[in-house]
Amino acid sequence: MQLYGRSSSHFTRIPRIFAAEAKVELDFVLIRDLMSVNADDFGGHPALKMPTLHTDSGLWYGSLPICRELVACSDSGLVVVWPEDLARPVAANAQELVSTAMATEVGLIMGKASGVTADNPQQVKMRVSLLGVMEWLERNANRALATLAPDRDLSFLEVSLFCLIEHLQFREVLALDPYPQLRAFAQLFSERSSAKATAFKFDFPTG
Ligand SMILES: N[C@@H](CCC(=O)N[C@@H](CS)C(=O)NCC(=O)O)C(=O)O
């Protein structure tokens with residue numbers, strides 16, 4: 001199986017962590033030009049996004065479907081809590097807000113990279129949105145995580161929350177000082193070998 005993405009991408013790191021936890025071997029194919037308008041450069045992703053997974057059964061777009069496929073293909077018997085298993089509002093909301101914040105971060109980073117100034121009204125709104133999510137997560141993420149089945153090996157919520165927090169710091173989008181609860185969660189999760197093996201880094205000098 002081949003995963004198209006970048007080591008600096010939070011949406012790509014999620015399936016890389018799942019692959020490591022499920023002990024699935026992946027060939028990692030780097031996407032060189034993020035501004036390309038050719039879907040082939042994104043492993044065939046029609047929306048020109050990463051990640052994309054290539055398997056014998058076809059192409060898989062998006063981090064959640066890719067993680068599902070990786071776990072389904074593995075013999076590891078990994079017990080995973082998926083977003084649809086989140087029955088309590090606090091946990092379902094946490095997942096929704098983590099996914100929203102990740103997309104907001106992409107908008108902020110892509111805007112900055114393409115010369116949009118920080119005082120652009122859309123960038124201002126995205127930043128306020130991100131701050132609102134972070135404040136909510138700081139107050140509620142631990143309560144959300146406490147609702148997860150204790151016998152799980154992993155949850156999509158934990159992995160995506162971890163990737164969001166580390167990525168905010170890595171891309172210097174937000175300082176994490178105001179979020180001690182989230183920092184403590186990320187510190188604990190970062191001890192996992194799957195997290196250590198997938199640390200964010202820039203694959204190219206331009207990021
Ligand atoms: N819903 C998609 C989102 C993917 C996404 O936004 N990926 C970012 C990188 S982390 C990307 O491709 N950015 C390039 C762009 O938006 O042009 C997923 O879950 O994989």
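Me: Before anything else, what do buried, exposed and partly exposed mean here?
Reply: Buried means under 20% relative accessible area, exposed means over 50%, and partly exposed is in between. This is a predicted model.

Me: OK. Is Glu166 buried, exposed or partly exposed?
Reply: Glu166 has a relative accessible area of 25%, so it counts as partly exposed.

Me: Which side chain does Glu166 meet in a salt bridge?
Reply: That of Arg13, with N to O at 2.8 Å. The two sit in distant parts of the chain, 153 residues apart: Glu166 is in helix H5 and Arg13 is in helix H1.

Me: And Arg13, buried or exposed?
Reply: Buried, because its relative accessible area is 2%.

Me: How many salt bridges does the count come to?
Reply: Five. One of them joins Glu84 and Arg68, whose closest N and O atoms are 2.8 Å apart.

Me: Where are Glu84 and Arg68?
Reply: Glu84 lies in the loop between strand E5 and H3, while Arg68 is in helix H2, so the pair ties together parts 16 residues apart in sequence. Glu84 counts as exposed, at 51% relative accessibility. Arg68 is partly exposed, at 32%.

Me: Which side chain forms a salt bridge with Glu158?
Reply: The side chain of Arg152, at 3.0 Å from N to O. Glu158 is buried because its relative accessibility is 9%. Arg152, at 22%, is partly exposed.

Me: How many of the H5 residues are buried?
Reply: Twelve of the 15, so by the under 20% cut-off H5 is mostly covered. Among the buried ones are Phe156, Leu157, Phe162, Cys163 and His167.

Me: What happens just after H5?
Reply: Glu172 takes a positive phi there, of about 55°.

Me: New topic. At what angle do H1 and H3 pack?
Reply: About 135°, with their axes 10 Å apart. The two helices are therefore oblique to each other.

Me: Which residues make the contact?
Reply: His10, Phe11 and Ile14 come from H1. H3 supplies Ser99, Met102, Ala103, Glu105 and Val106.

Me: How many of those are nonpolar, polar or charged?
Reply: The contact of H1 with H3 has five nonpolar residues, two polar and one charged.

Notes: Residues are numbered from 1 along each chain as its sequence is written. This is a predicted model: local features need pLDDT of at least 70, side-chain atom pairs count only at pLDDT 80 or more; totals for chains, interfaces and linings use all residues. Side-chain values use heavy atoms; hydrogens and water are left out. Buried means under 20% relative accessible area, exposed over 50%, partly exposed in between (1.4 Å probe, protein chains only). Helices (H or I, at least four residues) and strands (E, at least two) are DSSP runs, numbered from the N terminus. Axes are lines fitted to C-alpha atoms, for helices over the stretch in contact, and angles run from 0 to 180 degrees between N-to-C directions. Angles under 35 degrees count as roughly parallel, over 145 as roughly antiparallel, 65 to 115 as roughly perpendicular and the rest as oblique. Contact means heavy atoms within 4.5 Å. Ala, Val, Leu, Ile, Met, Phe, Trp, Tyr, Cys and Pro count as nonpolar, Asp, Glu, Lys and Arg as charged, and the others, Gly among them, as polar. A salt bridge is a side-chain nitrogen of Lys or Arg within 4 Å of a carboxyl oxygen of Asp or Glu.
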